[in-house]
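Okay, thanks everyone, I'll keep this short. I want to walk through the side-chain contacts in this one, so let's get it up on the screen.

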Amino acid sequence: MIIDAKDLGYKEINEALRAPDTEYTIRGCLGQRFIAAGMADKHITVEGVPGNALGAYLNGAKITVCGNAQDAVGDTMNDGRIVVRGNIGDTAGYAMRGGRIFVQGNAGYRAGIHMKAYKDKIPALVIGGSAGSFLGEYQAGGV
């Protein structure tokens, strides 16, 4: 299913993502925040630049961003996978306790802050380029 995000806010986008389909492409994304918050069992491709907290509280969905993403990607993520084929802003993976985030490019400041292993889950954050200061600050588990 294709979602044209051009004139939509995050609430409308997330409402469309709750439909029974499992494969989605969001086109024209331009700073809408909280996309796919808490989602599970979805495969989402984002064309454009998602705003803050993409995949916050993610519970198993798989998200691919075809470009850059803003701050707090995967904030408090429980499970799933986020792939960013560009750069990400600050605090990516903040307090994540499971799942995987892969960044092709660079990450801003404080990536992986407060990451922690939780029960049988071990979060992972992989950055292909460089990261700003305080990478993994206060980390209590994860890789």
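So, Arg27 and Glu47: these two make a salt bridge, with the closest N and O atoms 3.1 Å apart. The pair ties together distant parts of the chain, since Arg27 is in strand E2 and Glu47 in strand E3, 20 residues apart. Both ends are partly exposed: Arg27 has 38% relative accessibility, and Glu47 comes in at 30%. Bear in mind that this is a predicted model.

How many salt bridges does a search of the whole structure find? The answer is 2. The other pair I want to show is Glu137 with Arg110, at 2.8 Å, N to O. That one also links distant parts of the chain, 27 residues apart: Glu137 is in the segment after strand E7, while Arg110 is in the loop between E6 and E7. Is Glu137 buried or exposed? Well, Glu137 is at 17% relative accessibility, and the cut-off for buried is under 20%, so Glu137 counts as buried.

Tyr10 is in helix H1 and Phe34 in the loop between E2 and E3, 24 residues apart. Tyr10 is partly exposed at 25%, and Phe34 is partly exposed as well, at 29%.

How values were computed. Residues numbered from 1 in each chain as written. Predicted model: local features only at pLDDT ≥ 70, side-chain atom pairs only at ≥ 80, totals over all residues. Heavy atoms only, no water. Salt bridge = Lys/Arg side-chain N within 4 Å of Asp/Glu carboxyl O. Helix = DSSP H or I, 4+ residues; strand = E, 2+ residues; numbered from the N terminus. Buried < 20%, exposed > 50% of the residue type's maximum accessible area, 1.4 Å probe, protein only.
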